[in-house]
Every structure is written in C-alpha cells, then in structure tokens.
Amino acid sequence: MPQRKKGRQQNKKKNKKKNGGAPPIRTRQTPSGASNRSGGSAAKLGQCLEGQRPSNFNMYIDRRRQDIQDKCPSFYLRYKEATKRFMDYMIQKTPKYVEGNRKSVNFIVVAADWMADSATSGNFVLNPSILKDLKISIRMRSKAAKSSFGGGDAGHEHLLSCLVYCWTVLVSLPQLRDEDKKETATAANRFEVLMEEEEEEEMDENMFPSTPVPRPKPMPEVALTIEELKTADDRTDITLFLLNLNGLMGMVRNHYESLCISLPTLKSMDIHNSAMVEATIEAAVATNMAIQQVQQLEMELQQQHPHLTTPYRMISTLVLPEITKDVSRVVREQGDSTDIPSLEKEITIFLGDCLECNFRSRSDPFNDMDTVVKFFCTKLKVNEHGASEIQEICHKIQNSVVLEAPMPYEMQLTRYLRKKGLSQYPDRKDDILKGHSWLMPTMLPNIAGDRSIIHTLRLIQIFGATIANVADDKFIEPKRGLFGPTRWCAGRATKIYGDLDELFMSDILPQWFLMCRDGIIGKVDLPRENELLTLFVLMRQFVKAPGSPVSFSLTFGLHAMLTAILETDKIFNESLEINETIFNDYFQQLEDVSYSLGSERDTELSKHKNNLWTHNMTMVAFLKNFGLDVFDKRALWNPLCAGTTFSYLCIFGNLEAGCTMIDCQHQLRITLHLFNALKINGIIKEDQVPLLDQIHKSFKKSRGVWEGPLPQRGELVKRFWICFGMNPKDAKKMAENSKLAVRRHEVDTNFEKMEGRNRKMNPVKPAEIATCYRRICNRDFHDVLDKYHNDEQRQRCGIKGTDLYPYIVRSNDTLDAIDYEQHLLSLNLPACGALMEHFVCGLGRAFQWAPHLDEEYSIPDYEKRPRFSVMFAQHLLGALDFADDPFNHEFLKIPMGKASSIFMSGFFNSIDPACFVWFQAVRGGVVPGCRIFQAVREDD
C-alpha cells in the first residue's frame with residue numbers, strides 16, 4: 001500500500017519554499033471561493049464562547065456508549081459472517097474421501113450432492129441454521145447482481161448460481177430436532193437471535209426457487225477459490241453499501257418532507273409554531289441514527305477490505321473497471337509486479353488516490369498530484385514509457401472528474417471536454433452533457449443525479465484546502481457568487497447540485513469551521529456527543545485534520561443537511577427565526593427561575609451551597625454557546641443543525657442534567673409523594689393540577705422517586721423514608737411513630753431518628769422515565785417491535801433482510817417514544833425543579849413549621865431540608881396515611897389535607913406555563929402517520 005504521507009510531506013516542503021518558509025496561505029480567492037479576512041483577530045474569535053466552562057463535564061463524558069457493533073450488529077456483517085459459516089460447514093461436513101478441490105467454489109456443489117445422497121440413505125441430517133446463513137448470502141448477492149453495477153465478474157456470477165443450487169438441494173433435506181440444535185450450536189453465531197426473524201418471511205421465487213435448478217457446470221479453478229472470492233467481493237460490497245446509503249438518505253428525505261408540511265399545518269390548526277420542535281427533533285434524531293449506521297457500515301466495509309480506506313478507492317473500484325484493466329495491462333507489459341501480493345488491489349489504491357488528488361484543490365498542501373504516479377511506477381518498477389502511459393491515464397481521470405462533478409470555475413474546461421466527448425462518444429450524449437453519471441439516478445435516486453453525493457464529496461474536499469491554508473487567528477471570508485447567485489435565497493431550490501452550492505460553500509461550511517475551531521464544538525468535549533451530536537463530531541474531526549480524505553460518513557451527514565434544506569426550502573427562512581426564538585426562550589426561562597430563587601430565603605439553591613444545582617445549572621447554561629449571534633443563522637438553524645442542537649439540549653441538557661437538578665433538594669420526591677397522597681385520598685382530582693399530573697405521570701417509573709410501584713394508603717410514610725435513603729426496618733419504625741403521633745395529635749420532632757438513613761438515595765435516572773433516552777443514549781433496542789409494516793409490505797418494498805430494516809424499526813420506535821413523551825420533553829426540568837423548591841419552601845411557611853425546625857438554636861442550611869422532611873413525613877404525609885379524616889385532620893390547628901391541597905393547587909395553577917414549557921406538545925404529531933410507510937417511496 002503506498003505510503004502517502006511521504007508525498008504529502010514533500011508537497012508541504014515545496015509550498016513552504018515558494019512562500020519563503022511561511023505557511024502556504026493565499027489571501028486572494030482560492031478555488032473554494034474563500035479568502036482570509038485580514039481583520040480577523042484572536043481576540044474577536046474569543047467571542048465564540050461565553051460563560052464559565054462547567055467543571056462537571058467529565059462526570060458525564062466518562063459515560064461513553066458501548067460498542068455499537070456488539071449492541072447493534074449490521075446486516076452487512078451478518079451477511080459476511082453467514083457466507084463464511086456456510087462455506088466452512090459445507091467443507092467440514094463433507095468426508096475427506098469425497099473427491100474435489102476443497103478450496104474451489106465448485107466444491108460446494110459437490111458437497112451439496114453428497115449431502116443429498118447421504119440423507120437419502122439416512123446418514124446425514126442438516127443443521128437448519130445453515131439454511132439461514134445460505135439465505136442471507138443469496139439475498140445480499142442477488143441485490144448486488146440486480147444493480148446497475150452488476151454483481152461482479154463471471155466468478156461471482158458462478159458463485160451465486162452455486163449458492164442457489166445448494167439452496168434447492170439442501171432445503172428439502174431432513175433437519176436436526178430442536179434438542180439436537182442446542183448441542184450443535186456454536187458461540188460464534190452471535191446473530192442467531194436476530195436471524196430468527198427471517199423464518200416467517202415469504203420467499204422470493206427468483207432468489208429461492210422452490211423447484212430444482214440445473215446443476216452449475218464447473219468453471220476453471222483460476223480465480224475461483226473460496227478465499228479469493230471472499231476477499232474479492234469488494235465490488236459487490238461497495239454496491240450494497242451504496243444501496244444502503246441511498247435507502248438511508250431516502251428515510252432522511254421522508255422526515256424533512258413531513259417537517260415541511262408541519263408549519264402550514266400548525267397555522268391551519270391555530271397551534272403555536274413552537275410545536276415544530278418535536279418534529280424537528282424527530283427528524284434530526286432519525287438522521288443522526290442514519291449517520292451512525294453509515295459509520296458502522298463504512299467501518300465494517302474497511303475491516304473486510306483494508307485497501308478501501310477512502311471513498312475514492314471505493315468509487316474507483318466501482319466506476320473505473322476499464323481504466324483498471326488499462327493500468328493492469330501497462331504494469332504487466334512494462335513493469336514488474338512479482339513482489340506485489342495483489343496487483344488488482346494495488347491498482348485500486350492507486351486509481352483511488354488519483355481520484356482523491358483530482359477532488360482536492362490545487363492549493364491543497366496535502367494534494368499528492370505531483371508524486372502519486374511516480375510513487376506507483378517506482379513501486380511496480382514500470383519503465384519510462386509505461387510511466388508516460390499511466391500519466392496519460394491519470395489525465396483521463398482528471399477529465400472524468402471534471403465531467404462528473406464540475407465546479408463553476410471549471411465551466412470553460414467542462415464545455416470543452418463535453419464537446420470533445422460528444423465527438424468521440426455520440427451514444428453517451430446524456431451522460432456527457434448532464435454529468436453525475438457515475439451513480440445511476442434510477443437505482444440511487446437520493447444520492448445520484450441532481451442529488452449527487454459525489455458532488456457533495458468534492459465540495460467538502462475542496463473546502464479542506466481552505467481550512468488547511470487558514471491561520472489560527474483568521475476567519476474564512478467567502479467570495480460570494482463563485483458557486484451560484486448571491487446572496488442565496490430560499491424558495492427557489494429544486495435540486496442539491498448547483499442550487500445549494502453557494503449556500504453550502506459560502507454560509508454553512510465557513511461558519512461550521514469557526515464553530516469547530518473556536519466555538520463550543522471545538523473547545524469542549526461534550527457529554528453524549530457521540531450519541532446526540534454525530535454530525536457535529538464528524539465536522540470537528542474534519543476541521544482538526546483537513547488533510548485527511550473526507551469519509552463517506554461525513555459526506556453522508558452533510559449531504560443529509562443539504563437534503564433537509566432542499567425539502568424544507570418553502571419554510572426555510574421562517575423556520576430559522578422560529579428555531580432561534582425557541583432556543584433563546586429556553587435559556588430565558590433558566591435565567592428567570594435563577595433570578596426568582598434569589599428572593600427565596602429558605603433555600604440553599606439561591607446561596608450556591610448546593611453543588612448539584614450550581615454545577616449543573618452552569619453546565620446547562622453553557623449550552624447557550626450553540627446559538628451565539630456571532631454565527632450565521634443559516635449555519636446554526638437550518639433544519640438538521642437546529643434539530644441536532646434541540647435534541648442535545650432536550651435529551652442531555654434538559655433531561656439528563658435536569659433529572660439531577662429537579663430533585664437536588666429532594667423537592668421532587670416531597671412534591672410528588674404529597675401529590676400522590678392527596679390523589680389516592682380523593683382530595684385532589686385528575687386534571688386539577690395539570691403540571692403535577694404530567695410530572696407525576698412522567699416519573700411514575702422512577703425508582704429514585706418511588707422505589708417500586710406507587711405507594712397506597714397505609715404505606716405512604718414508610719415508602720417515603722425508603723425513598724429518602726432509610727433502610728426498610730427503620731422506615732417501618734418511622735411510620736409507626738407517625739401513626740402514633742397522628743392518633744395522639746402529638747408533635748414528633750425527634751430529628752435524631754434521621755440517623756437511620758444508612759444507604760444512598762437512588763438518583764432519578766432519565767432512562768427510567770424516558771424510553772427515547774434509553775434508545776438514543778444507551779442504544780437499548782432489545783424490546784423494539786415493527787408496528788408499521790406487515791409481511792406483505794416488507795416483501796413488496798424489499799427492506800427485510802437488509803440494513804435498512806433494523807434502522808427503520810429502531811428509528812420508528814425511537815420517534816414514537818419521542819412523540820409519546822413529548823409532554824415530558826417540553827417541560828423545562830431545571831425550571832420545574834426551581835418551582836418545586838419554591839413550593840416546598842412556601843409549604844413550610846404556610847404550615848408555620850419554622851419554630852419547630854430551628855428549636856433552641858440556629859441550624860445550618862444543609863440541615864434544614866432533612867428536618868423539614870421529618871415534619872413533612874411524620875405529620876402531613878402521616879395524616880394522609882393514617883388519619884380517619886385526612887382532609888380535616890389538624891396539626892398545629894391547621895387541617896392537613898385541606899390546607900395542603902389548597903396551597904398546592906393554588907401555587908402550581910397560578911404559574912404561567914411560559915415559565916416552564918419551552919415548546920408546545922401536540923400528542924400524535926403535527927403530521928400523524930408520516931412514519932407508517934417511511935420505508936417505501938413509490939418514486940424510488
């Protein structure tokens with residue numbers, strides 16, 4: 001494999017020499033349309049971050065997601081492992097006396113015939129799991145063979161015919177019983193559980209014939225060994241990879257088509273436009289899950305084929321087979337490849353690197369254009385004449401790149417090449433004139449043609465040169481108009497190529513470069529960023545290492561951003577303002593409650609003595625750096641970026657950090673235990689206090705709040721103390737003391753009894769109250785079900801048995817969870833925590849407990865809440881638990897049930913929802929049913 005680093009170092013030295021040893025920065029317009037703003041300064045760039053960096057980020061950062069390959073294995077990996085298991089089974093189960101070359105693909109046909117003969121005489125029984133492996137292998141190879149790229153050469157076609165023949169022979173053989181299966185099962189098949197879902201699927205007669213097929217004729221042994229075919233599957237695997245990319249992008253497209261409909265629908269229903277947030281979050285979550293799927297598929301493809309480490313090498317394998325043959329001919333005739341293990345792979349690497357050089361800008365210091373041919377020819381000992389031929393081939397590749405993904409500044413050359421191409425290849429008129437012909441729009445409608453992902457790849461790689469040439473104290477100021485009409489206007493785009501280039505290169509990429517270098521993404525390792533900020537993390541990696549080849553994962557993510565903009569073009573400008581306003585409203589709510597706590601004399605929260613509150617409030621407030629005015633709105637608040645920011649703020653900032661803040665003074669437990677006690681006594685009715693109804697419903701499954709099912713009358717006090725960290729034995733004693741105090745109307749202020757709390761309180765965990773958190777952050781999909789596709793639909797749209805199917809099922813279930821839990825997600829949990837703290841403090845004052853709490857001396861602030869809890873549990877909760885008439889039972893001449901219910905309903909119902917609701921929740925979604933057939937696009 002070429003050591004590309006050496007060539008890049010040589011280029012760097014050349015550039016430094018030309019510039020007198022200075023970094024190769026150009027203040028004039030570069031090919032990306034960007035130049036350096038001379039007025040940029042480090043001081044001004046420092047404004048990209050505001051507020052104090054939280055000190056408790058590391059506590060959350062340590063909670064990294066587990067290996068997605070183990071928790072969510074892809075179907076591609078299953079297919080590769082299934083093929084290997086089938087081949088190994090056929091060889092190992094066939095006795096050594098059976099004649100044939102066991103390394104040849106032809107041998108599996110011989111093995112199948114032997115198994116059929118042996119089964120007839122009762123000497124062989126088939127392991128049924130092998131049929132599942134065979135089914136997966138046939139299905140995936142058939143999908144690749146049906147594509148416009150084909151399924152490979154004659155050797156791969158022969159392999160597929162052999163597999164189909166084996167299916168028709170083996171499917172009718174006797175199989176092992178269930179008890180025998182367990183004995184023969186192997187631990188290596190870690191996908192067995194997932195494979196069970198294939199059993200009920202209706203079979204495609206073309207893939208899996210139900211009648212015998214002709215026995216394939218043996219082919220020559222050359223290049224047909226099993227090992228060679230398994231490692232030479234790169235073309236088939238790349239085809240499957242692109243099919244998955246197209247399908248995933250189609251899902252993204254569906255979500256943003258629905259989002260575009262949501263705003264007019266809201267207006268027609270007279271619903272506040274903040275209800276768009278839920279749909280925006282859903283679309284972004286689904287898109288980030290798709291990006292994660294692409295990351296996994298790209299990683300697995302590179303593991304299977306180590307030479308395919310860049311998108312360019314994948315593309316060259318797929319679209320340059322004729323050029324590959326030309327280079328191979330030159331090397332064989334005028335070089336020496338005897339020391340090269342695999343000439344074809346070496347040529348693939350070379351051609352891919354040539355493509356990369358032509359995708360890069362000429363000013364890119366990492367462009368190896370001047371050395372790539374020389375390095376290849378030296379390694380393969382190609383003579384001077386052969387080197388000139390290979391140089392000419394590279395020139396053809398350059399022209400092909402210009403025709404495939406032309407840039408506006410290359411239009412003169414493009415027109416010349418098109419005119420020349422028409423004279424040489426008149427039968428390819430459409431491909432030559434339109435460009436973007438490497439990927440077929442009929443097969444890949446979401447990433448080809450006017451939506452070409454290859455065009456996006458070139459734009460990103462060109463922008464990498466601008467990043468590499470910008471000093472640390474400089475901005476990137478685009479030269480507007482180079483990539484299209486300026487300033488770009490929404491409402492006119494009909495395609496990605498051409499219509500969105502100016503927006504992408506002049507507004508989005510320069511701003512995100514700044515965000516990833518000097519903003520919150522670049523300066524801070526954020527908690528949960530791998531789960532919630534997948535695209536942002538990929539962009540940061542690109543900015544930090546602009547010399548690296550752009551990955552397909554990043555290209556897919558940015559292409560998804562452009563797809564989102566295209567699909568929401570009609571509401572683009574209006575959605576920018578809405579998204580920014582909602583984001584700022586959330587933080588205004590935090591500022592308001594923080595200010596209100598300053599006037600609360602009975603709480604630690606206003607005195608910065610509660611570390612949980614102070615540190616987490618600092619952390620959540622720090623997230624405001626996602627929306628600073630220093631960045632352009634189109635970069636920050638376009639549909640995908642806004643949704644990603646909202647999802648991070650909602651899932652991590654509001655939900656995970658909010659769960660810590662909402663009960664930092666035990667205010668949530670106290671409030672909900674009182675509310676539950678009043679409800680089961682019939683003192684407060686359903687819907688009487690809407691805010692507490694929602695919080696009570698949302699936290700019903702929280703172990704920290706309840707330690708089990710909701711407590712009933714007779715166990716209210718005991719369960720409260722267990723939830724407060726007391727062991728069951730001491731909690732029972734406290735309940736008995738409360739019962740005596742209630743019946744005797746005594747004051748129980750023996751605070752020393754709190755010493756019985758000898759275990760830690762269980763925290764309020766977001767995964768217990770929000771399924772969407774469990775799906776997104778913990779990647780827990782063990783209980784998901786496909787609720788939207790029946791067997792006929794799965795068969796018709798061809799999603800079953802592909803990597804699209806688990807993505808669809810998991811994303812649909814996650815989005816359903818977001819929809820079901822959106823009332824919880826719409827609550828500003830830190831603000832709710834502050835309001836409940838006000839309530840608890842006010843409750844103590846209303847019941848005049850202060851004299852009993854302070855006793856004979858002034859107690860420190862940290863002891864006030866535990867003492868308050870004793871008064872609350874033993875007398876107020878005790879009255880609701882044990883009194884004959886809880887509503888009128890008096891303590892200190894105050895009727896406990898009556899007074900507490902009046903104070904609770906009066907307090908929470910008097911609060912304006914604008915203080916704690918940051919977006920309006922609409923159950924069922926603004927556009928219901930948009931997920932039912934998201935796997936099926938009739939035009940695809």
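Tutor: Let's begin with a definition: a salt bridge is a side-chain nitrogen of Lys or Arg within 4 Å of a carboxyl oxygen of Asp or Glu. The model here is predicted, so local features need pLDDT of at least 70 and side-chain atom pairs count only at pLDDT 80 or more, while totals for chains, interfaces and linings use all residues. Residues are numbered from 1 along each chain as its sequence is written, and side-chain values use heavy atoms, with hydrogens and water left out.

Student: Which residue meets Asp780 in a salt bridge?

Tutor: Side chains of opposite charge can pair when their charged atoms come close. Here the partner of Asp780 is Arg774, with 3.1 Å from N to O. Buried means under 20% relative accessible area, exposed over 50% and partly exposed in between, with a 1.4 Å probe and protein chains only. Asp780 counts as buried because its relative accessibility is 18%, and Arg774, at 16%, counts as buried too. Both residues belong to a network of salt bridges that also links Arg775, Asp783 and Asp813.

Student: How many salt bridges are there in the whole structure?

Tutor: The search finds 37. One of them joins Arg634 to Asp507, with the closest N and O atoms 3.8 Å apart. This pair links distant parts of the chain, 127 residues apart: Arg634 sits in helix 29 (residues 633-636) and Asp507 in helix 22 (residues 501-518). Helices are DSSP runs of H or I with at least four residues, strands are runs of E with at least two, and both are numbered from the N terminus. Arg634 and Asp507 are both buried.

Student: What does Glu656 pair with?

Tutor: Glu656 forms a salt bridge with Arg528, and the closest N and O atoms are 3.0 Å apart. Glu656 is in helix 30 (residues 639-661) and Arg528 is in the loop between helix 23 (520-523) and helix 24 (529-532), so the pair ties together parts 128 residues apart in sequence. Both ends, Glu656 and Arg528, are buried.

Student: How many disulfides does the structure hold?

Tutor: A disulfide is a covalent bond between the sulfur atoms of two cysteines. The test used here is a pair of cysteine sulfur atoms within 2.5 Å. The count is 0. For Cys357, the nearest cysteine sulfur belongs to Cys354, 6.3 Å away. Cys357 counts as buried because its relative accessibility is 4%.

Student: Where does Cys162 lie, and what is it in contact with?

Tutor: Cys162 is in helix 8 (residues 154-170), and its relative accessible area of 1% makes it buried. Contact means heavy atoms within 4.5 Å. Leaving aside neighbours within four places in sequence, Cys162 is in contact with Val105, Ile108, Val109 and Pro216. The C-alpha atoms of Cys162 and Pro216 are separated by 6.2 Å, although these residues are 54 apart along the chain.

Student: How should I read a nonpolar core, and which residues touch the most other members of the largest one?

Tutor: In soluble globular proteins, nonpolar side chains tend to be buried together. A nonpolar core is a set of buried Ala, Val, Leu, Ile, Met, Phe, Trp, Tyr and Cys residues joined through side-chain atoms within 4.5 Å. The largest core has 235 residues, and those touching the most other members are Leu242, Trp512, Ile521, Phe626, Phe699, Trp721 and Phe872. Helix 13 (residues 276-304) supplies the largest share of this core, 14 residues. A second, separate core has 34 residues, including Val98, Val164, Trp167 and Met207.

Student: How many aromatic pairs are counted?

Tutor: Rings of Phe, Tyr and Trp (its six-membered ring) pair if their centres lie within 6.5 Å; planes under 30 degrees apart count as stacked, over 60 as edge-to-face and the rest as tilted. By this rule there are 30 pairs. Among them is the edge-to-face pair of Trp114 and Phe124, 5.8 Å centre to centre with 70° between the planes. Trp114 is buried at 17% relative accessibility, and Phe124 is buried at 7%. Ring pairs also join Phe583, Tyr586, Phe587, Trp637, Phe646, Trp918 and Phe919 into a cluster.

Student: What makes up the chain overall?

Tutor: Its secondary structure comes to 44 helices and 4 strands. Of its 940 residues, 60% are buried.
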